[in-house]
Amino acid sequence: MDEIDVAQQNDELFRQSALKAHYAGRQNTAMTAKSGKAGPSSGGRGTLPRHKACCDCGEKIETARLKAMPNAVRCIGCQEKKERRDRSLG
Ligand SMILES: [Zn+2]
């Protein structure tokens with residue numbers, strides 16, 4: 001019986017902390033979902049996305065690059081490749 005009591009107590013504690021984390025995370029995800037769901041086309045709204053991934057290779061775009069070019073959707077490597085491709089295509 002005692003073991004079950006302890007288990008229930010632990011379970012309750014775990015649930016409470018999980019709920020707290022859940023609500024704390026909910027606010028964060030609600031905020032990121034708003035800015036993240038907008039897509040690449042509406043990138044230049046003043047607020048910088050913290051983690052933006054290159055649309056070609058999926059790697060994280062460097063923060064410095066995003067500061068210089070908030071609308072960048074590619075990492076430097078892929079951007080250079082793309083520009084070279086565009087140029088050769090005319
Ligand atoms: Zn890339």
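Tutor: A residue is buried if 20 or more other C-beta atoms lie within 10 Å of its own, exposed if 12 or fewer, and partly exposed in between, with C-beta atoms placed from the backbone. Buried residues make up 6% of the 90 residues in the protein chain. This is a predicted model, in which local features need pLDDT of at least 70, side-chain atom pairs count only at pLDDT 80 or more, and totals for chains, interfaces and linings use all residues. Residues are numbered from 1 along each chain as its sequence is written.

Student: Why is Glu-59 called exposed?
Tutor: Glu-59 has 12 C-beta neighbours inside 10 Å, so the residue counts as exposed. Glu-59 lies in the loop between helix H1 (2-37) and helix H2 (63-68); helices are DSSP runs of H or I with at least four residues, numbered from the N terminus.

Student: Which residues does Glu-59 touch, not counting those up to four places away in sequence?
Tutor: They are Ala-53, Cys-54 and Cys-75, a contact requiring C-beta atoms, placed from the backbone, within 7 Å.

Student: What makes the length of H3 agree with its 14 residues?
Tutor: The expected span is 1.5 Å times one less than the number of residues. H3 should therefore span 20 Å, and its end C-alpha atoms are 20 Å apart, which agrees.

Student: How is H3 known to be hardly covered?
Tutor: The count of buried residues in H3 is 0.

Student: Where is confidence lowest, and where highest?
Tutor: By pLDDT, the predictor's confidence in each residue from 0 to 100, H1 is lowest at a mean of 75 and H3 (residues 76-89) highest at 94.

Note on methods. Helix = DSSP H or I, 4+ residues; strand = E, 2+ residues; numbered from the N terminus. Contact = placed C-beta atoms within 7 Å.
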